[in-house]
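I opened my notebook for a first look at this structure. Here is what I looked up, entry by entry.

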Amino acid sequence: MIKKITIIGGGYAGTMLARALDTYADITLIEPREKWVHNVAMIRAMARPELLDEIVIPYKDLLKNGRVVRGRAASIDGNSAVLEDGTRIDSDMMVIATGSTYAAPFKMQGEDSTHFLTKAKQVITQIAKAKNIVIVGAGAVGSELAGELAFARPEKRITLVSADDGLFSSYPAKLGRMMQRQLADLGVKVRLGERIKKLKNTDEPFVPFKNKITLSDGFPIDADLVIPVIGAKPVTDLLQNLDGVLFDDNGRTHVDGWLRPTENPDFFVVGDIASTGDTMTIVGLTRQVNWLTKSIKANLRGKARGDIKPYKPWPKPLILLPLGPDKGASALPFGVTGPLLTSAIKGKKLFISRYQREFGWKP
């Protein structure tokens, strides 16, 4: 008999897993939004707004055999989900892939794609008008945004502010040095070990009072627009009240070697919400999804859970960091590499056509 698998959350991890298992099980993907956003390309869309028409994609053709249920899961009961409208969806296995939130406009805040696009276009207009732009937070999104804006709009003065003393300190030092040098070549002013006094917003761009901000050392900066990009937060609401579920200091869910947060052998979490040692990146979650796909397929063939090798995260944190289409740096399994390979893997095309194909959609 074909097993029923429910996946809650239609972000990168949830959709990848649903597609991979679509011909092996009866898949139900629960997602409240009617369209998926290729968040990776949203960064470049701030400088190239024409990309918005290519990266907001309907879910309707994602699965050939399974179904996408538009709704929000309100609670979990065993391997069953209860939606906000009272609908109950029963299954043999359940995977929670609710992902993370991020500051606007890089991730959809609500469920309405029209509102999301309206907000994104408002920010693009603000960027177009601004002469002095300050980006707060020098992680992947902040650094890439600084590079994309500096590449596409060299007439603008871009300042990147980070509370850390170096860029990408959890990666090999060479990566941070390479990124800082290339940002400087693009004309980006990087202010390390600094904070902004009285940061007005942390979840969306804003125009500061009198177009000025002050850093923690008292240094004033002209700023027509401040864009905060301070980091992702895991969405674990559904797991908060489940017996036995524990969370790490970052709010991610503790899991065993088989990505299970409880003693239920058929209940999994994957992606940004899973505390596996992986970074909250597509590189990290792709490794998890590939392992979970193989694990579930093996189990569907009759292999016992205990006979399946446990999940192992990347031995080293990996990341791809384009700065426009032809600059950037990456930490890969064999070490740190620069613009040429970063551009070839990600920078030139940002995987846009790949996701359009996987969703069966043409703009």
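**Entry: a pocket lining.** I sorted the residues that line the second largest pocket of this predicted model. Six of them are nonpolar, four are charged and one is polar. I then went through the names: the lining runs through Ile196, Lys197, Lys198, Leu199 and Lys200, then Phe206, Pro208 and Phe209, and finally Lys212, Ile213 and Thr214. For the space inside this second largest pocket, I noted about 150 Å³.

**Entry: aromatic pairs.** Next I looked up how many aromatic pairs there are. The count is eight. I picked out tyrosine 12 and tyrosine 355, whose ring centres are 5.6 Å apart. Their planes meet at 75°, and over 60 counts as edge-to-face, so I wrote the pair down as edge-to-face.

I also checked where the two partners sit along the chain. Tyrosine 12 belongs to helix α1 (residues 12-21) and tyrosine 355 to helix α9 (residues 352-358), so I marked the pair as a link between distant parts of the chain, 343 residues apart.

Are these two tyrosines buried or exposed? Tyrosine 12 has a relative accessible area of 10%, and under 20% means buried, so tyrosine 12 is buried. Tyrosine 355 is buried too, with 2%.

**Entry: arginines over rings.** Arginine 191 lies over the face of phenylalanine 219, 4.4 Å from the ring centre. Arginine 287 lies over the face of tryptophan 314, at 4.2 Å from the ring centre.

Definitions and conventions: Residues numbered from 1 in each chain as written. Predicted model: local features only at pLDDT ≥ 70, side-chain atom pairs only at ≥ 80, totals over all residues. Heavy atoms only, no water. 1 Å grid on protein atoms, 1.4 Å probe; cavity = no way out; pocket = protein on both sides within 12 Å on 5 of 7 lines; lining within 4 Å. Points joined across faces, edges and corners; volume = space filled by probe spheres on them. Nonpolar A, V, L, I, M, F, W, Y, C, P; charged D, E, K, R; others polar. Phe/Tyr/Trp six-rings, centres within 6.5 Å; stacked < 30°, edge-to-face > 60°. Helix = DSSP H or I, 4+ residues; strand = E, 2+ residues; numbered from the N terminus. Buried < 20%, exposed > 50% of the residue type's maximum accessible area, 1.4 Å probe, protein only. Lys NZ or Arg CZ within 6 Å of the ring centre and 35° of its normal.
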